[in-house]
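Here's a quick walk through one model, going from a single residue out to the whole chain and back again. Have the viewer open while you read.

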Amino acid sequence: MHALAPNKQKTLGSNLSALWRGAVAAVAAGLFGTSIHASITYVGNDIPLVWGVGLAWLLLGVLVYWAAVSSSKLWAGALGFIGCYVTVGLISYVGNDQLILGMQYYRFLPGPTLASALWMYGMVIPSVIALLCALRVLRKQRR
């Protein structure tokens, strides 16, 4: 049996495994991120610190990065981001629960409304950063 050359990397998986990794990242980030995004601490009585959004963004970024790097396919990470956005959209659309608040509630619940808006519309930030980091790693692996 021949050994692989040191500069040649063995492929890490098929398209099906990349699809599964992207789907797992999407559902996990969508469900767990939505459940922790509204963790808020108030400074005084007026200023909400939405630290849960930062934690949810970190989770999303790590899962998008993992999906792309572990499968050696950048589209798996992009699938994780798009699927997470769809998962959060379904959670906010289906049912009567109020995990994601619309901006019409800002006057009454400024902290949770701000956290919902940052999570829903700001999840592109950690995803793009994670995809750029994964792209750099994947390019180094292919050299």
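In which helix is Ser-116 found? Ser-116 sits in helix H4, which covers residues 110–122. One thing to keep in mind from here on: this is a predicted model.

**Around Ser-116**

Is Ser-116 buried or exposed? Ser-116 counts as buried because its relative accessibility is 1%, and the cut-off for buried is under 20%. Its side chain has a couple of polar partners. One is the side chain of His-37, joined to that of Ser-116 by a polar contact of 3.3 Å. The other is a backbone atom: the side chain of Ser-116 reaches the nitrogen of Leu-101 at 3.0 Å. If you set aside the neighbours within four places in sequence, Ser-116 is in contact with His-37, Leu-99, Ile-100 and Leu-101. So both polar partners, His-37 and Leu-101, turn up in that contact list too, around a residue that counts as buried at 1%.

You'll find Ala-38 in the loop between H1 and strand E1 (41–43). Along the chain, Ala-38 and Ser-116 are 78 residues apart, yet their C-alpha atoms are separated by 6.9 Å.

**Zooming out**

How many helices and strands does the chain have? There are five helices and two strands, and reading along the sequence gives the pattern α-β-β-α-α-α-α. Of the 143 residues, 36% count as buried. Among contacts with a separation of 6 or more, 72% link residues 24 or more positions apart. The accessible surface of the chain comes to about 9,000 Å², and carbon and sulfur atoms own 69% of that.

As for confidence, the chain has an average pLDDT of 88, and 89% of the residues score at least 70. Strand E2 (residues 47–49) is where confidence is lowest, at a mean of 88, while helix H2 (residues 51–71) is where it is highest, at 96.

| Pair | Separation in sequence | C-alpha to C-alpha distance |
|---|---|---|
| Ala-38 and Ser-116 | 78 residues | 6.9 Å |
| Pro-126 and Trp-57 | 69 residues | 5.9 Å |
| Gln-141 and Val-69 | 72 residues | 9.9 Å |

Pro-126 has its place in helix H5 (residues 124–142). Pro-126 is buried, since its relative accessible area is 11% and anything under 20% goes in that class.

Gln-141 is partly exposed, because its relative accessible area is 26%.

**A nonpolar patch on the surface**

Which residues form the nonpolar patch on the surface? They are Leu-16, Leu-19, Trp-20, Val-24, Trp-66 and Trp-75, with about 650 Å² of accessible area together. Helix H1 (residues 15–36) supplies the largest share of the patch, four residues. One of the patch members is Trp-20, which is found in helix H1. Trp-20 is exposed because its relative accessible area is 58%, and exposed means over 50%.

Most residues other than glycine have a negative phi. Ser-72 has its place in the loop between H2 and helix H3 (74–93). Ser-72 counts as buried, because its relative accessibility is 15%, again under the 20% cut-off.

Conventions:
Residues are numbered from 1 along each chain as its sequence is written. This is a predicted model: local features need pLDDT of at least 70, side-chain atom pairs count only at pLDDT 80 or more; totals for chains, interfaces and linings use all residues. Side-chain values use heavy atoms; hydrogens and water are left out. Buried means under 20% relative accessible area, exposed over 50%, partly exposed in between (1.4 Å probe, protein chains only). Contact means heavy atoms within 4.5 Å. Accessible areas come from the Shrake-Rupley method with a 1.4 Å probe; for residues, only the protein chains shown count as cover. A polar contact is a pair of N or O atoms within 3.5 Å; within protein, one must be able to donate a hydrogen and the other to accept it, and residues adjacent in sequence count only if both atoms are side-chain atoms. Patches are made of residues with over 30% relative accessible area and no salt bridge: like charges are joined within 9 Å, nonpolar side chains (Val, Leu, Ile, Met, Phe, Trp, Tyr) within 5 Å. A salt bridge is a side-chain nitrogen of Lys or Arg within 4 Å of a carboxyl oxygen of Asp or Glu. pLDDT is the predictor's confidence in each residue, from 0 to 100.
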